[in-house]
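These notebook entries record what I looked up in one structure. I kept them in the order in which I turned to each topic.

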Amino acid sequence: MKTLILYLSHDGQTRKIAEAIAAQLTGQCVMANLLENMSIDLTPYDRVVIGASIRYGKFNPKLFTFIREHKQQLKAKQGALYTVNLTARKADKNTPQTNVYTRKLLAKIAWQPQLVQVFAGALLYPRYTWFDRTMIRFIMKMTGGETDPRKEIEYTDWQQVRNFADQIEQL
């Protein structure tokens, strides 16, 4: 089984999740940053996994472009999608059914993967630019999250990632 894992990551957590999934899958697994591989040929792959993160309530527009341009190839493959956002740190916002970003994404795209998962991301204040740190602190304050600009918190549930990789393996 040959698997392609594509990801779009702002600060590296979506890539880190992709690496954890790849490490668990059997067969050949290729990872690629979608920003650098918009015209990648999907033909050689049996499965395609796409991971995308949210920043300020939006996915990178290249995600929509890639899915639109490759929808026929994607539909012909076993497919999985995972999204990464800080909203998913809350138990009532961490499933495809309860996460508004993921629901809106699935409603907008022509591809409906067999598996969809939502993961909480990481809050990395010291690594952000001044603008991002300020904006994210404001959003976190409004949503009852951590606002200490010295902290780095990884909210990702790695057991949930392992379970998702197991599900991908069963496709």
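**Entry 1: Charged pairs**

I began with R150, which counts as exposed because its relative accessibility is 68%; the scale I used calls a residue buried under 20% relative accessible area, exposed over 50% and partly exposed in between, with a 1.4 Å probe and protein chains only. The model is predicted, so I noted that local features need pLDDT of at least 70 and side-chain atom pairs count only at pLDDT 80 or more, while totals for chains, interfaces and linings use all residues. I also noted that residues are numbered from 1 along each chain as its sequence is written, and that side-chain values use heavy atoms, with hydrogens and water left out.

I then looked up the partner of R150. The side chain of R150 meets that of D148 in a salt bridge, at 2.8 Å from N to O. The term stands for a side-chain nitrogen of Lys or Arg within 4 Å of a carboxyl oxygen of Asp or Glu. Is D148 buried or exposed? D148 counts as buried, because its relative accessibility is 16%.

Side chains of opposite charge can pair when their charged atoms come close. I searched the whole structure for such pairs and found 8 salt bridges. One of them joins K151 to E146, with the closest N and O atoms 3.4 Å apart. K151 has a relative accessible area of 36% and is therefore partly exposed.

I recorded another salt bridge between R15 and E19, at 2.9 Å from N to O. Both residues belong to helix 1 (residues 13-24), where they are 4 residues apart, about one turn of the helix. R15 is partly exposed because its relative accessibility is 34%, and E19 is partly exposed because its value is 37%.

Which residues form a network of salt bridges? I found D11, R55 and D132 linked in this way.

**Entry 2: The largest pocket**

I next looked up the largest pocket, whose volume is about 520 Å³. Of its 27 lining residues, I54, Y56, N85, L86 and T87 are the closest to its centre. Two or more lining residues come from each of helix 1, strand 3 (47-55), strand 5 (78-85), strand 7 (122-124) and helix 4. Which element gives the most to this lining? Helix 4 does, with 4 residues.

For the method, I noted that a pocket is an open set of points on a 1 Å grid over the protein atoms alone, where a 1.4 Å probe fits, with protein on both sides within 12 Å along at least five of seven lines; lining residues have an atom within 4 Å of a point. Grid points are joined across faces, edges and corners, and the volume is the space filled by probe spheres set on the points.

By class, I counted 12 nonpolar, 10 polar and 5 charged residues in the lining of the largest pocket. Here Ala, Val, Leu, Ile, Met, Phe, Trp, Tyr, Cys and Pro are nonpolar, Asp, Glu, Lys and Arg are charged, and the others, Gly among them, are polar.

I returned to Y56, which is found in the loop between strand 3 and strand 4 (58-59). Its phi is near 55°, a positive value in a residue other than glycine. Y56 is partly exposed because its relative accessible area is 35%.

Y56 also makes a nonpolar surface patch of about 760 Å², together with W130, F131, M135, F138, I139 and M142. Patch residues have over 30% relative accessible area and no salt bridge, and nonpolar side chains (Val, Leu, Ile, Met, Phe, Trp, Tyr) are joined within 5 Å. F131 lies in helix 4 (residues 130-142), and its relative accessibility of 46% is why F131 counts as partly exposed.

Last, I compared sequence and space. I found A80 in strand 5, buried because its relative accessibility is 1%.

N99 is in the loop between strand 5 and helix 3 (100-108). The C-alpha atoms of N99 and V118, 19 residues apart along the chain, are separated by 7.5 Å.

Technical notes
Patches are made of residues with over 30% relative accessible area and no salt bridge: like charges are joined within 9 Å, nonpolar side chains (Val, Leu, Ile, Met, Phe, Trp, Tyr) within 5 Å. Accessible areas come from the Shrake-Rupley method with a 1.4 Å probe; for residues, only the protein chains shown count as cover.
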